[in-house]
Structure formats: C-alpha cells, structure tokens
Amino acid sequence: MTLPLVVIPTYDERDNIGPIIARVRAAVPEASVLVVDDASPDGTGELADEIAATDAAVHVLHRTGKQGLGAAYLAAFDWALERRFDPIVQLDADGSHLPEELPRLLARLEATDASQAAPDLVVGSRWVDGGSVENWPAYRQAISRVGSAYAHLMLRLPARDATAGYRVFRADALRRIDLADVHTRGYGFQVDVLWHAHRAGLVVVEEPVRFVERERGASKMSVGIAVEAAARVTWWAIRAPWTRRPADAGSAGRSDRQVQRVGEQPRPGGGEPAE
C-alpha cells in the first residue's frame, strides 16, 4: 500500500502552517503530513498540535531548538522510514511549493523513462522548460541560478535545479543514500543529499514547477547562506576523487543518464541532451 508522507519543516511559520496543511490534504487526500517544528517562538508547533488533534493524518515532531533545515529533514526521514511511509515528500511551509502540483510529481515518480528505469527521486525544478518563479527579485533568481549551476558543474549533479527543496523520494531511495554521511544542516542540505543520491547511483528526474515567493513572513535565505553553501560545494568537489564510493564505480559512464528532464528524448549513446 502506498502511504505518502509530506514533510513540512517549520520555524516561525504560524501564519502559514494552517493554510499549507489544508492545501496538501485537499490536493492529495491520501497523504499524511508531518510537521517538524524547531521550537518556534511564535507557537507554530502548538498550532500544528491543534490541527493534528482534529486530523489523524497530521503528525507533529517537536525538536528542542533551531537546529537547521537539514537536521529537521534527517529526523523526519528516520521517523517516516520507521513507520513505512512511501513515498516521502519535502515541502516548504511558506507556500512557495504549490501543493496543487504534488499529484503531478507523485505521478512522475511512477513513470518510466526510455530505459524503463523508474525514478528514485523527483526534483521539482524551477530551471527547466516549464518551470518558473514568481515575485522573486532579480538578485534572488541570480543566487539560485548561479548556485545550482555551480553545484551542477562542480559535482556533476544529475539535476539543473540542485538547490530545489520540492522533492519526492522513494523510501528505498532514502535507504540507499548514506544519510549518516550527510552532515550539512543548513540550506546546503539540498545539494548535499542530491550529491549523495548521485553517488549512490539513484535515478533522478526533474519535473517543472512554479515557485511562488511567500506572501506571509520573512525569507530565511541570505547571501551569507549562499556563500557558505558554495564553499561546501567547492570542498566536496576537491575531496571527491579521494572519497569515491563503490556505487560510483558501478554508475561510471552513465551519470548523464541518471536524469531526464520533461520533454527531452535520450540522445544516441546515452549522452545528456543539449541545452
């Protein structure tokens, strides 16, 4: 039985948590929701508890303090795998990831490509044909585009939107990733997990999504966070030749086939389509 779980990490998202849970439940009624709250001072966790008390499909994981996005997701993955949820979805609380697009992402997880390989991970991508962003200033778009392009180039990642946070994982894919080796706790976590997925030989596909800037609350992204993430990518790229995993050898020569973007056809010989 398929038991989808949508993980929503929160910190000071009281104004957003109610509406986003309602939209998720309306878009995918069979899905459960796990709110992972880092002891939000504004009472987000308490409000989530109230919602969970009226809806058995909503769960709340309380943490003792603000420990970072990556730590929240890692705790949620452990929680979900122990309870046999599958697939597992990452979704932001602020409404930038549209729950109304989730049925399409879930369907993409079940689709096979030309090689009949079912995806292990679907990335909701802003930077492929059909993807878009709304209400973002130019500098935010530049940070995201440059950051994703840099990670894609340095780490040979199988996705154009390497920093995307709207993702759908098969449970088995999370088991195959060495999550214990994912040490990033901030916003570089998205790149870190994608890199580990690539090194584990997982099949990654991108599905275009519309990313909408939050209407309520303040964004937690900053130039400093982006610079820190870029520094980590550089370090990973430098040390990668000395930390080659067994899965890398098995996937050598097929890294360009690990991702297929919507609307693209595989090239003869398995190379990546031209942009």
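1. D38 forms a salt bridge with R63, and their closest N and O atoms lie 2.6 Å apart in what is a predicted model. Because D38 sits in the loop between β2 and α2 while R63 sits in the loop between β3 and α3, the pair ties together parts that are 25 residues apart in sequence. D38 and R63 are both buried.

2. The structure holds 11 salt bridges, and another of them joins the side chains of D161 and R126, at 2.8 Å from N to O. This pair links distant parts of the chain, with D161 in the loop between α5 and β7 and R126 in the loop between β5 and β6, 35 residues apart. D161 and R126 are both buried.

3. A salt bridge of 2.9 Å, N to O, also connects E207 and R104, which belong to strand β8 and helix α4 respectively and are 103 residues apart. E207 is buried because its relative accessibility is 7%, under the 20% limit, whereas R104, at 34%, is partly exposed. Salt bridges with shared partners bring E101, R104, R108 and E207 into one network.

4. Strand β8 itself, residues 204-208, has five of its five residues buried, so the rest of the structure largely encloses it. V204, E206 and P208 point one way from the strand, and V205 and E207 point the other way. Strand β5 runs parallel to β8 and is joined to it by five bridges, with V122 having V205 as its bridge partner.

5. E46, which is found in α2, is partly exposed, with a relative accessible area of 48%.

Technical notes
Residues are numbered from 1 along each chain as its sequence is written. This is a predicted model: local features need pLDDT of at least 70, side-chain atom pairs count only at pLDDT 80 or more; totals for chains, interfaces and linings use all residues. Side-chain values use heavy atoms; hydrogens and water are left out. Buried means under 20% relative accessible area, exposed over 50%, partly exposed in between (1.4 Å probe, protein chains only). Helices (H or I, at least four residues) and strands (E, at least two) are DSSP runs, numbered from the N terminus. Two strands pair if DSSP finds at least two bridges between them. A salt bridge is a side-chain nitrogen of Lys or Arg within 4 Å of a carboxyl oxygen of Asp or Glu.
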